[in-house]
Amino acid sequence: RTCANGGDHAGSQTMSSSRDLKGEPRTLSFNIIGDAFADVFCYLSSALPKLGGDSRLLEPVRTKAGGSGLNTATHLASLLSQFSPSFPSDVNLQTVINENDPHGRLLIDHCRRHDINLLNRRVSNVPSCFSGQATVDATVATPHCVVVVAQNDRSFMTYLGCLSNFAGDNVLPMIRNSPAYVIHISGYFNLPRFWNGSLAHKLRELRESAKAPCDLLISLVPQQDATEQYDGGVKEVLKLIDILILSEVEAKGMTKYHQRANDINGNQEVEDHVAAFFASHTSLLVVVTLGVEGAVALQGGKVVHRQRTYRRDHPIDPTGAGDSFSAGFLFKYVANGADDNAIAEGMRFGCAVASNNVMIQGASIPASKSSIESTLALI
């Protein structure tokens with residue numbers, strides 16, 4: 001096992017023993033820092049409408065809890081409850097919502113039902129967001145997102161609202177006094193005030209405050225960047241994390257990959273390009289999800305593991321599949337912390353969780369233990 005030290009070390013670290021010196025189980029704290037949205041789902045019977053056109057909906061518009069941070073927290077809480085019910089653990093979510101509007105109340109209720117400790121990081125320079133007023137300024141509304149699902153794909157239209165005020169300085173230090181914890185940054189490109197050193201500064205503080213570096217694991221999911229710049233000072237953050245989990249689209253964006261017209265090697269060329277781009281971060285574990293092709297793990301410029309998934313013939317909703325993969329991967333990776341197969345087992349478990357996620361409408365509705373176990377048997 002390698003041990004993080006807060007420098008340009010990142011990754012492939014595993015958590016130390018799940019028991020303390022007296023042999024007692026150690027509380028494992030998953031601390032999700034990121035976005036939460038009220039997702040307004042529109043399921044279309046055909047392709048997206050052209051500008052000025054019209055499309056029929058398959059069912060009424062529905063609003064559900066979502067956002068990369070909340071989705072990941074929900075799946076993690078479910079996996080801990082179903083697969084490790086006797087192990088002491090907690091799931092915390094730091095985000096910013098307006099607790100007084102309907103969307104905010106929906107997210108609060110969701111977190112209560114799924115046993116997520118919601119830490120609403122109230123922004124001092126926007127007091128009206130939390131004043132208890134019946135009517136609030138639209139600029140401080142709870143983040144919400146229109147999700148249009150059609151032909152096995154989805155598109156988003158996002159309003160950041162008060163989430164746009166969430167800065168690195170608003171992040172709480174370690175939750176409780178847990179001897180083993182995971183910090184997962186989810187939705188970096190949806191958090192503009194995390195950019196350009198704000199989050200990096202906070203992560204340095206957290207590294208320095210960790211009692212034992214081997215007991216702190218930091219992972220990051222960037223999410224798609226609506227600006228399509230994929231910058232925001234993220235390279236500085238990479239020096240401070242252990243694991244980067246991203247989709248193929250996000251990997252291409254962050255590495256400035258532009259597929260050549262005569263490319264005949266498909267995913268192989270993408271893998272080589274992404275591996276070379278992150279090679280200087282020698283210990284950083286980079287996990288790229290590839291949809292129906294599974295996922296690939298890269299480290300030190302090389303492929304360290306490829307994982308196939310169980311391909312669904314008729315997926316229902318791909319929204320949040322990457323977040324469910326992240327939850328499954330982190331859950332198993334940490335559980336197998338002392339095992340040399342932690343990466344492989346984490347990716348296999350992540351693929352199983354994500355494969356079930358695409359068969360459920362909504363991004364934050366966990367699959368059952370039996371469904372996940374059945375899928376594991378197939379991959």
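**Strand S2 and its neighbours**

Guide: 5 bridges join strand S2 to strand S3 (residues 62-66), and the two run antiparallel. This is a predicted model, where local features need pLDDT of at least 70, side-chain atom pairs count only at pLDDT 80 or more, and totals for chains, interfaces and linings use all residues. Residues are numbered from 1 along each chain as its sequence is written, and side-chain values use heavy atoms, with hydrogens and water left out.

Visitor: What counts as a strand, and what counts as pairing?

Guide: Strands (E, at least two residues) and helices (H or I, at least four) are DSSP runs numbered from the N terminus. Two strands pair if DSSP finds at least two bridges between them.

Visitor: In which sense do S2 and S6 pair?

Guide: Parallel: 6 bridges link S2 with strand S6 (residues 144-150). One of the partners in S6 is Val149, which bridges to Tyr43.

Visitor: How many residues of S2 are buried?

Guide: Buried means under 20% relative accessible area, exposed over 50%, and partly exposed in between (1.4 Å probe, protein chains only). In S2 (residues 37-43), 7 of 7 residues are buried. One side carries Phe37, Asp39, Phe41 and Tyr43, the other Ala38, Val40 and Cys42, and both faces are covered.

Visitor: And what about the chain as a whole?

Guide: The chain has 9 helices and 13 strands, and 54% of its 379 residues are buried.
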